[in-house]
Every structure is written in C-alpha cells, then in structure tokens.
Amino acid sequence: MRYFSVLRILGAVALTAVPALASGGGGEIADPAHGWDVLWEHVLIDLFAIGAVFAVAAAYWLIKYKADSPTAVGTGPTLSRAQMFGWALIPAFIFMADDFYLAANGWTLWNTYRTVPKDALEVKVTASMWQWNFEYDNGATSDVLKVPAGRPVVLRMTSEDVVHSFFLPKHRVKEDVMPGRVTYLWFYPKEAGKTYVTCTEFCGAQHAEMSADVEELPAAEFNSWLASAGTPAAPAATGAQPDAAPGGAL
Amino acid sequence: MSAHATTGQHWDTSVAPLLVAVGCLLAVPLPFASYFQYHSLGMAVGFLGIGVPVLLAGIAVWVQEGIAQKHDQFGYSQMALPIFITSEVLIFLGLFTSYWALRLLAPAWPPAGSPHIGLTIPIIMTIVLVTSSVTYHMAEGKLEEGDMGGFRSMLGLTLLLGVVFLGLTITEYSHLIGEKFTPSANIFGSAFYSITGFHAAHVLIGLGTFIAVLLPALKGKTNMDFVKCAGVYWHFVDIVWFFVVSQIYFW
Amino acid sequence: MKEWIFTTDHKRVGILYLVGSMAAFAVAGIMALLIRAEQFNPGLGVASEPTQYNTWLYFHGAAMILGFLIPGLTGFAANYLIPLMIGAKDVAFPRLNALSLWLFWMGIVVALLTFVIPDAPDIMWTGYPPYSIKTSGNTAFYVFTVHLIGFSSILGAVNFLTTIIYMRAPGMGWMQMNVFVWSLFTGLIVQLIFVPVLAAAVTLLLFDKYLGTHFFDAAAGGDVLLYQNLFWFYSHPAVYVIFLPAMGLLFEIISTNTKNRPFNYNALVVGMCGLVLITGEVWVHHLYTSGMPDWIRIGQMLTTLMISVPVGVMVMSLWGTLYKGAISFNTGMYYGAACLFLLLLGGLTGIPLAMTALDLHLAETSFIHAHFHFIMGIFAAFVVFGSVFFYFPKMTGRMYNEALGKLSFWLNFIGVNVTFWPLFIIGVKYGMPRRYYDYARIPEATPYHHVATYGAIMVALGITLMLVNWIYSAIKGPKAVENPWRSASLEWTHAASPPPHGNFAAPVTVSSDWTPYNYK
Ligand code: HEA
Ligand code: HEA
Ligand code: CUA
Ligand SMILES: [Cu+2]
C-alpha cells in the first residue's frame, strides 16, 4: 500500500500548511483568495496522485493482458469471503480517509470565506437586468465598485428581478443575488488595482454583458471619492427612478 | 392486436400506445401553449378537438384489448401498482414539502387577505371519500362471489360518491373564489389550489378508471387484475386526502 | 412498417428508442457546433442575437440529457437487453413499454419545436425562476418536454422494476444477474423516486408563469430557492440514472472482452446500492453559491465527497476485472478502455467542485463544463456508443466495419480531449463563466476557445463516420457469426441474432452455479 503512504504524507503536509496559511498568523487578515490558491494546489496533487495510480494501473494491465490467442480466457482470481471484504472495505476506508482530509481542509477555508473581518467596509449591491449598482453607507451610489486597498470589503446583495450571481474571479469568490433575500460575500483587496465583477447565473439575453469595473483604490483616494460622492440627496437613487433600469421592462 | 404472419414471423402489435401518446401531445402541451403562450383560442380548440378524440380512442382500444386478454398477459399488474404508487407518493411529497417550506418560512400564516376556510365541507368530503372506498371494497367482494349485478351497483355507487366529492370541491372553490381567494391571491391561495386541485385530478383519474371498468362490466366483461388495481389506486387517493385535510384544512 | 410503429416487442421498442435518442444527439450535437462557433471569438458571431444562442444552448443541454442519455440508457439499452439477459420473453407490460417509447418521442417533438416556434424557450435546461417566469419565451414547452419524458421514464421504471423482480428465468438468483441488470435496477429506483419531484417542480413553474400563482415570487411570499432545491433534488440523482446504467453496461463490455468475471461482484452490487442511498443527500452541491444556510453547504460537502466511496468500490471492481484478463481489442473495447480514463478524469474533477470553498470560484465556470462533459457527455456517451458496437451483431445479425469503427473512435477520443481540456484551463485560470455567448472581459481566453472549437469539429467528423458505419453495416454489412465475442450471457448463448419475437426458442432455466460471466 505505497499509495496510502503517499496520501498520508500529502495529508500531513497539507493539514499543517493550510490552516496555518488560512489563519494568516499574528493578527493579519486571512485572505480567502490566497487560501483558495493554496488549497487548490493541494487538492490537485491529491487528485493527481489518485488519478495517476489508477490510470497507470489501467494502462499497464490493458497492455500486459492483451489476449495472446483468440481462444484465451481470463484467469482473474476467485475471491474468498475474507478477500471479498478486504478488497471492498480497505479501499473504501482509504477513500473515506481522503474524503475526510479534503472535507477538513475545505471546511477550514470555508470558515475563512464566511467569517467577515470586523472592520470590513460594507457596500450594498443591487443587481438588476443587466447591471450592478453599488451603494455606500453615506448614501453614495455608483455603477463601478470602488473599494479601498488594504481593507476587507463585505457586500450585502439583493436583486430587483431575477437571480444573478456576483463573481469576482480575481478574488476567487462568488455568491448568488436574488430577489427576496440578502446574501453576502467578502473579499480582501490587498493592493491597489483594477479588476471586474461578472454575472454567473443565467439571467437573460444580456447575461454575458452584465459586468462592472472594480477599482481598488489607495485608501486616501477612495476616502476622498466617497466623501465627494456621498451627497445627502443620493439615497433616493435605489431603484426609485422608473427610468433608471433599462433592463427592467421585460 | 393482430399477429401478421407476413414474414412467417409473429410480432405483437397494438395501435393503442401510439394513439395515447399522440393524443397526450395534442390534448395537453399544444393547446396549453397555444392558449397561454400564444393567446390563440382557436388553435387551442383545434388541437383539443383532434387530441381528445385521439386520446379517448387510444384509451378505449387499450381497455378493450386489456379486458379481452388479447396480449401477452403476464399478470403482474398488482405487483407493479405499488411501484407506481411510490412515484405518486413522491409527487405529493414534493408538493407538500414546498408547502411546508413556504409556510414555515413565512412571517405570518395564513398571509393577510386569506379568508377563513370552513371545515364543514372538508369533513363531508372526507366522509364521502371514505365511504366510497368501502363501497368499492364491497364491489370487489361481490365480484369475487360472482355476483355481477351486485358488483355493477356497488361500482355505480362508488362512482356516484366520487362525483359528489368533486361536486363538493367545485362548490368550495366557487365559494372561495367568490370571496376573492384565487390561486393568485397570495401564497396560501397558490398552495391551497395546487394541492387540493392536484388531489382532485387524481380523483378524476380514479373515476376515469372506474368508468373504464364499468362500461365493459355492463356487457358482463371484467378483468379481475384491472378491478383490483383500480381499487388499490382509489384507496391510495383516499389516503392522500387525509394528508390534504390534516395539512391544509386543520393545521 | 406497421410491425415497427405499432410494435410492443421490447427489442423493437429498444431500437426505436435508439433511433430517437441518436436523433436527439445529432441535433443537439449540431447545436454544440453552433455554440462552439459562436464562442470562437468574443462578441456576437454566428448567432443573430444573444437569445438565439440561448435557445441553442437550451436545446443542447435539455436534449443531451433528457433526449439522448437517459433514453439511450434506460430506454434503448434497458429495453433491448434486460429481458434477454434475464431470460424473459418480454417485459412485464409490453404495451406500457410502447407507450413509454412514444411519450418519449412526443417529448422530443415538443423539444424540436424550439426551432420553428416564435418565442422559443431560452431558459437553459435548469429553468430557474424568476427568469423562466419573466421571460417572454415559451417556458411551457420546457415544462411539457420534462413532463412527457418524465412520465415516460416513470412508466419505464415501473415496467422494468417489475420485470427484473418477477420475470427472471427460473433458477436465476439476485446475485446471478448481469451487472447491467443490477445497475439498471438501482438506477431505475433512483428514477422512480426522483423524477416525480422534478415533475412537481416544473408544474409549479407552469402555474406560476401562466396561472398566476406565487410559489417562486418573493414579493408575494414565495421563494426563489424553493425551485432550485426541488430541481436539484431530482437532477443530481438524475446523473446517477445515467451513471449507474453506464457503469453496468461498461462492465458487460469490459468483462466480456477481458474474459474475466467482474472482480468482486458482491462488493460491486453493494457499491451500486450505496450510491442509491447517498444520492438523495447531496443536491445542495449545486447550490453552494446560492445563499443556502452555511451548515447545509458544509454538511452536503461531506456527503458529496463520500460519493467517492461507493463509486470507488465500483472502480476497484472495474479495474480488478482487467487483472489477468485475456483482452481482445475490438471497437467496443476501445470505447470501454477509453471510458476507464474518462471516468477518472470526469469523476475526480467532481471532487474540487464538491468542496464548498473551492466551488466558490469554480461554480458556473467552464471548469464545470469540462467536468460534466467528461463524465456525462463523454464517459456515458462513449458507453452508449461502445455498447452499440458491442451489441451490433446481436441487434442486426450483421457485422460493422472494424477499421472504420476504430478510426471514428480515435477521432472522437482525441476530439473530445481537444475540446474540453481548454475549458478546464480557462475555467480555473480566468473564471470563464458559463452560458456566455460573449466574453469581452476575458480576451485571453480566445485561443483556448479556438482550440475547443477545432476539437468539436473533429468530434463531428468522428460521429459522422460512426453513424455512417452503423447505418451502412445494418443494411449491407457481412453476416456476423453467432456470439462473436464469446460471451456467456443469455442474450448471446440462448437467443438467435437478431432474436425473434419471444426471444428464446424454448423457455430458459438456469442452474444455481450458472453465471453470465463463465467464459470458455
Ligand atoms: C453522469 C453525470 C455526472 C456524474 C456521474 C457526476 C459525478 C459527480 N459530480 Fe457532477 N455534474 C454533472 C454530471 C455528473 N456529475 C452535471 C451535468 C453537472 C452540471 C449541471 C449544471 O449545472 O448544468 C455537474 C455539476 C457538479 C457539481 C456542481 C458544481 C456547481 O454547479 O457549482 C458538483 C459539486 O459538487 C459535482 C460533483 C460531482 C461528484 C463529486 C461526482 C462523483 O459522483 C464522482 C465520483 C467519481 C470519482 C471520485 C472518480 C472515481 C473514484 C475513485 C478513483 C476512487 C478514489 C477517489 C477519491 C477518494 C476522491 N458535479
Ligand atoms: C450528454 C450530454 C452532452 C453531450 C454529449 C455534449 C456534447 C457536447 N457539448 Fe455540451 N452540454 C451539455 C451536455 C452535453 N454536451 C449540457 C447539459 C450543457 C449545459 C447546458 C446549460 O448550460 O444549460 C452543455 C453545454 C455545453 C457548452 C457550454 C456553452 C455555454 O455555457 O455557453 C459547450 C461549449 O463548448 C458545449 C459543447 C459541447 C460539444 C462541443 C459537444 C460535442 O461532444 C458534441 C459532438 C456531437 C456532434 C458534433 C454532432 C455530430 C452529429 C452530426 C455530424 C450529425 C450527422 C447527421 C446525420 C448523419 C444524420 N456544451
Ligand atoms: Cu445577471 Cu447573469
Ligand atoms: Cu450533482
């Protein structure tokens, strides 16, 4: 059972590595996107190991046991009762152990994904066919998601019409947005940059075009933008103007 | 059924399945879409006009062949029916689960604007349906004794009780709709009419099978398998009703 | 002619199922080519407007699953093989069987109407509300396609379960049945239990759209997620309605061509039953990003991962069957051997999807396309193709062209890999979303889409050659020898090719030491 020991080593390495990375150590904010990349690599190695064992076995046997005469008959073993149980239960437990290993790591990362850091900036997201609208605490609204670099951002999201899904490929996170419920996700833009959000739940003709820019601005720049955009008159903007939603006329 | 000996080989055939299938296509999807999706009453009526006769013809041929035992009859109907009923149970479970989910997650139940739904009619309906199960059981007994006349009259009585049940449903519906409680009134209306309506549709199918049993029986022909199966199905519909009553009316 | 369209014989019903499901596959495959052509470059290409792309994709997904694979396996293969394998004259209810067949065909007809009606359905095979309710497209036809094919499946399941339980040849115990019979028995139990829930879900959709009810209307107290839960409560198990019979059929091909009995048959049977038990508790893995409560997502991550235990047991049996075999490589076995690798590739890529946290990035990206095309669109489809080659001499009494068969196999096998590997990569790397006719945000993905499109063209070539081979050989092929693969199963040892009505010249009985895998 060499295969088992490979798994064990892999498991041991990853079990210690992933939680350590996920919790980030020493008061730092755990970034789920980074955790994702790490876990993805471990899972790939794990699955590649399993796949390789089986693929090599299949290829080897397919070549080795090619019939040498047209009347040949296979000579596969007949199993005793103990062998029957053994060949079923031992692999089953190995597979189950691997499942537990995967589940444990998956769960750890999941907790990072769903535990919003305390000082996160909160932005309200409203989806409609086919656009994203962002609203900040001070009433500022925008169709570009502007966030300060270096601070976690939590989005509280809902939809005005059909189900959409908010996907930030760069930050390895998505969550559906639907009428009648508020869902959330958070992400951590560490450095200033630009990326985009895109819709990943089928929502009609312009589903493929339902995208918005995300600007991860230096904190100072963000703060001055927010202050200037947040005029007291702005709160009325949330879906109140009948002409504001070009896609709403379905 | 006919056994053509064209190639010296015998292949069983029946026109009934194709007729029923084509009838189903013409009688439900096409008229429904014509009317509701394309707003064409004429087209809907046209499809119904062809579809319903084809469907009924198919069923008639089917029953005829069945009663005449013309086909390779392996006699497994009574074993197969419980298997079929398993899937029926799951349809109802799907509907009830939806109802439970909606109701338990709702802030208040029944939602504002729902009328008070009286318990008198459902209680009478329960009594009628249970009685009909009993009368059908008695009909089966008569048939086993070989008393064809008794069988026919008990079967007729069962049919009548079934019709009364449906009549009560219609009375209740029209009363509630008079109070502006329609399927689109609120979420309770949606659930109420869907579940009771779906059950009523099963009663209707049950009555359909009874008619299919009764018509040949008037000419003195029956098929015991068929009679038994119709009975089991009817008892099943009866049992579902208990759940409808307890979940919709009394809860 | 009359003996075909009015037939109640299980073999003819089976062949008519095959014709219907291959027709659905061909049309859906042509849609796939259009999809690939549209995705060749970002921006609107061959489609005249986005909605047209959406109707293609709707038809492609719905027809491939409901029209091709489920009827191909539980319709064609089950009908043709079950009575023969268990030594019965026919199924328990021949006319009901014919009714299932024609209801399925009516479902195909409704689906095909997509191409001629105005306002064709544009809601994808999942039909999520509220979009499916708000759209001006014809959601009714989606619902009725599901109803017709669903009702056909339920009747089929009732029929075959009864047949398997009560009509086995005298003497045939449960543990003497062919693996395929077991796989169908378990698969049909899944079908019987879960199809009704789908029927209920889409019926509520119909009510909501056309009769004004509010089940999925959040503003009136309904719930958007209710539909998704009902839908996937069925549609996850549906993948095992495909997977189980596909595994069973694969065992027939592999076992016969390795001249080895299935390794650890008993464990295999337990594995299949285990899959039935677990399949109803994992549907939320399609809803990881849908805003379901956190604890359900975690719970079902664990149950989903545990699927690899019963499947793993089946895999051990499959691999064990090769060990010390005497393997002959005909076209059927080419497909069978390829399926071993496809199963690994498609199955193992389900694992990261099953891990909730990883799925937050992978969900609804083309990584999922690659996963399910490999396990379903390719693994299961290859089993169907392989089984047609394998049973070709039985069904037609003639032999297909082996060289052409192998050529089309290589075109298909290389072609699918060229098509779907790029989708894995852009799914992970760029998060290439699903159901996108345009990907202007991700121009880097363009070369990958080019490669995928070339692969699809290669597959089209392979499929065309395969179909030509079948049709030509069925009419003009050389007479096949009886039992060319030296199978020990009843359909080969006790019935003529093709079998006459009633299947066996004399009633079949088997002894207690008989097995369908006793090769000589
Ligand atoms: C025949 C069809 C089929 C089959 C068999 C499977 C099998 C599996 N699928 Fe797949 N799946 C689909 C068809 C199928 N799937 C389709 C159509 C979709 C998309 C639907 C849509 O949205 O349109 C989908 C989507 C899908 C998702 C949803 C992703 C999302 O939408 O976000 C997930 C998530 O968990 C998933 C997981 C799995 C798993 C874990 C298996 C497992 O059953 C795989 C088990 C097999 C193995 C694991 C390999 C062999 C085993 C071993 C070698 C033993 C050792 C292995 C380990 C210890 C890991 N699938
Ligand atoms: C059994 C299932 C199955 C099969 C076999 C296939 C086969 C193929 N699929 Fe499909 N696919 C799905 C099931 C399947 N698919 C599902 C469920 C979806 C999701 C839908 C959704 O999102 O709702 C999907 C989605 C899907 C997409 C995603 C599009 C998007 O999200 O925007 C793509 C894109 O590349 C694709 C491609 C292909 C290709 C290239 C093939 C090829 O392998 C096809 C090869 C076949 C042919 C090329 C046809 C050959 C036939 C002929 C040449 C005819 C000859 C005729 C005569 C001789 C009479 N499929
Ligand atoms: Cu919004 Cu897709
Ligand atoms: Cu699934």
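User: Let's start with chain A. How many helices and how many strands are there in it?

Analyst: Keep in mind that this is a predicted model. The elements of chain A run α-α-α-β-β-β-β-β-β-β-β-β-β-α from the N terminus on. Counting them up gives four helices and ten strands.

User: And what share of the residues of chain A counts as buried?

Analyst: Chain A exposes about 11,700 Å², with 62% of that supplied by carbon and sulfur atoms. Buried here means under 20% relative accessible area. Out of the 250 residues of chain A, the buried share is 50%.

User: Which residues of chain A lose the most area to chain C?

Analyst: The contact between these two chains involves 78 residues of chain A and 85 of chain C. Together the chains bury about 7,000 Å², and carbon and sulfur atoms give 69% of that area. On the chain A side, three residues lose the most, together 11% of what that side buries: Leu62(A), Trp110(A) and Phe202(A).

User: On to chain B. What pattern does it follow along the sequence?

Analyst: Chain B has zero strands, and its secondary structure comes to eight helices. Its C-alpha trace spans about 70 × 50 × 30 Å along the principal axes. Read along the sequence, the pattern is α-α-α-α-α-α-α-α.

User: Among contacts in chain B between residues at least 6 apart in sequence, what percentage joins residues at least 24 apart?

Analyst: A contact here means heavy atoms within 4.5 Å. For chain A, residues 24 or more positions apart account for 69% of the contacts with a separation of 6 or more. In chain B, the share is 77%.

User: How far apart do the centres of the positive and negative side chains of chain B lie?

Analyst: For background, chain B has an accessible surface of about 11,200 Å², 73% of which belongs to carbon and sulfur atoms, and 49% of its 251 residues are buried. Its charged side chains are 8 positive and 12 negative. The centres of those two sets are separated by 7 Å.

Key:
Residues numbered from 1 in each chain as written. Chains lettered and ligands numbered in written order. Predicted model: local features only at pLDDT ≥ 70, side-chain atom pairs only at ≥ 80, totals over all residues. Heavy atoms only, no water. Helix = DSSP H or I, 4+ residues; strand = E, 2+ residues; numbered from the N terminus. Buried < 20%, exposed > 50% of the residue type's maximum accessible area, 1.4 Å probe, protein only. Areas by Shrake-Rupley, 256 points an atom, 1.4 Å probe, with all protein chains shown as cover. Lys, Arg positive; Asp, Glu negative; His and termini not counted. Charge placed at Lys NZ, Arg CZ, Asp CG, Glu CD. Buried area = accessible area lost by both parts, 1.4 Å probe.
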